[in-house]
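Biologist: I am new to this structure. Please show me how to read its main features.

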Amino acid sequence: MTPGLAALAERIAAAPRLTVLTGAGVSAASGVPTFRGNDGLWRHHRPEDLATASAFQRDPALVWAWYHWRRARIAECEPNAAHRVIAEWSRRDGCSVLTQNVDDLHVRAGTRGLIRLHGSIWELQCWEQCGQSQWREEPLPLPAAAARIDPPTCPACGSLARPAVVWFGESLDPSDLAAAGAACDCDVFLSVGTSAVVYPAAGLVHEARRRGAFTVEINLDSTPASAAVDLAIQGPAEDILPRLSLPH
Ligand code: OAD
Ligand code: ZN
């Protein structure tokens with residue numbers, strides 16, 4: 001093991017409070033497309049042009065087709081070694097796991113107390129906010145490559161249903177935001193597989209460092225956070241995290 005990783009593994013093992021923030025890179029090895037990577041069918045659409053309320057208002061059938069395609073991809077994926085290490089850490093007292101991922105791979109890996117900052121791709125909510133609480137829908141039996149699909153509807157009022165995810169320009173759930181803020185009070189903060197450009201999640205590592213945490217980034221590439229953290233490790237999360245997990 002490289003000396004830097006061995007020392008970090010010891011530091012993580014000894015940390016009374018560990019916080020892990022994840023992004024799409026953690027699920028990349030499972031086969032879930034990242035947002036800013038280049039992926040087949042939807043490569044001509046920027047996420048900023050699909051994951052917004054105005055895109056949905058303009059063309060709900062297009063936005064639903066994109067979500068349906070992503071759901072179909074996610075349904076075929078399994079958690080990888082990075083999800084498993086994080087799930088193991090989550091069973092320790094004092095560990096918080098925050099994710100920007102709307103896939104359910106952290107959940108399927110058994111992560112405890114997961115805070116899903118951007119919601120879940122499997123949940124729906126009423127577009128008209130009629131008061132119906134969020135609901136879960138099994139994947140629709142449609143071809144994954146459909147270019148447009150009829151949007152599902154709200155069981156209470158019959159208006160359009162939308163994915164219960166946070167879109168660009170929307171606020172995070174205040175209780176998730178409060179929990180994320182509290183998790184910045186930690187000894188070690190790991191930012192894993194995120195391009196660190198979408199706020200407020202991207203601000204958490206800086207907040208943790210301000211509050212005295214030892215901050216670490218694990219990413220294939222450098223990001224805007226790389227220069228600001230105490231340690232930036234370039235490499236795949238699914239290889240690096242298992243090397244940071246000490247047997248106990
Ligand atoms: P991005 O797609 O922006 O970034 C993924 C990051 O993972 C990149 O920095 C890659 O270099 C890195 N990466 C890829 N494969 C990796 C691997 N195997 N190991 C480690 N790192 C790897 O995804 P996010 O940062 O999660 O928001 O994006 C943040 C938010 O923007 C998303 O939650 C979503 C998106 O638009 C909303 O929908 C609101
Ligand atoms: Zn409704």
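**The ligand site**

Modeller: The space taken by ligand 1 is the largest pocket. On a 1 Å grid over the protein atoms alone, a pocket is an open set of points with protein on both sides within 12 Å along at least five of seven lines. A molecule sits in a pocket if more than half of its atoms lie within 2 Å of its grid points. This is a predicted model, where local features need pLDDT of at least 70, side-chain atom pairs count only at pLDDT 80 or more, and totals for chains, interfaces and linings use all residues. Residues are numbered from 1 along each chain as written, chains are lettered from A and ligands numbered from 1 in written order, and side-chain values use heavy atoms, with hydrogens and water left out.

Biologist: Which elements give two or more residues to the shell around ligand 1?

Modeller: Helices are DSSP runs of H or I with at least four residues, and strands are runs of E with at least two, numbered from the N terminus. Here the elements are helix H2 (25-28) and helix H10 (237-243).

Biologist: Which polar side-chain atom lies 2.7 Å from an oxygen atom of ligand 1?

Modeller: A polar contact is a pair of N or O atoms within 3.5 Å. The side chain of Thr194 supplies that atom. Backbone atoms take part too: a polar one of Gly25 is 3.5 Å from a ligand 1 oxygen, and an N or O of Leu220 is 3.4 Å from a ligand 1 nitrogen.

Biologist: Where is there a cis peptide bond?

Modeller: It joins Tyr199 and Pro200, with omega about 10°. Pro200 belongs to the loop between strand S7 (188-192) and helix H9 (204-210).

Biologist: What is the phi of Gln129?

Modeller: It is near 50°, a positive value in a residue other than glycine. Gln129 lies in the loop between strand S4 (119-126) and strand S5 (135-136).

Terms used
A polar contact is a pair of N or O atoms within 3.5 Å; within protein, one must be able to donate a hydrogen and the other to accept it, and residues adjacent in sequence count only if both atoms are side-chain atoms. On a 1 Å grid over the protein atoms alone, a cavity is a set of points where a 1.4 Å probe fits but cannot get out, and a pocket is an open set with protein on both sides within 12 Å along at least five of seven lines; lining residues have an atom within 4 Å of a point.
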